[in-house]
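Hi everyone, thanks for coming.

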Amino acid sequence: VDLEEGERLYLFSDGILEAGDLGGVEFGIDLVLDELRGSSKHDLEASVNDLISRVKAWRSGAPYPDDLSLLALERTAEVPLTRIPKGQMPGPAVPAL
């Protein structure tokens, strides 16, 4: 995945999508996308917190049959890419005992 400066990548488990309310209606991809679009002006941590809070509010106290896992990445600065030639990877940072 090649992210440009300011772009974000969200990875989440199916537990986010399948989180059901008391009537069994799933949260779904449309609500996930709505929430992420709506929080795009917030910092990354706030956007994650907003999504998790909205999923929890959606559940209205229904039990959690699955996990709610979310990983968010944001490219914040242009950093030159350094490629290490094959076979020239540095050794471990901590010497082996």
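R54 and E35 form a salt bridge, with their closest N and O atoms 3.3 Å apart. By salt bridge I mean a side-chain nitrogen of Lys or Arg within 4 Å of a carboxyl oxygen of Asp or Glu. R54 lies in helix 3 (residues 44-59) and E35 in helix 2 (residues 28-38), so this pair ties together parts 19 residues apart in sequence. Helices here are DSSP runs of H or I with at least four residues, strands are E runs of at least two, and both are numbered from the N terminus.

A quick word on the source: this is a predicted model, where local features need pLDDT of at least 70, side-chain atom pairs count only at pLDDT 80 or more, and totals for chains, interfaces and linings use all residues. Residues are numbered from 1 along each chain as its sequence is written, and side-chain values use heavy atoms, leaving out hydrogens and water.

Back to our pair: is E35 buried or exposed? E35 is buried, at 13% relative accessibility, while R54 is partly exposed at 31%. Buried means under 20% relative accessible area, exposed over 50%, and partly exposed in between, using a 1.4 Å probe and protein chains only.

The count comes to two salt bridges. R8 pairs with E74, again with closest N and O atoms 3.3 Å apart. R8 sits in strand 1 (residues 8-12) and E74 in strand 2 (residues 70-74), so parts 66 residues apart in sequence are tied together.

Thanks, happy to chat!
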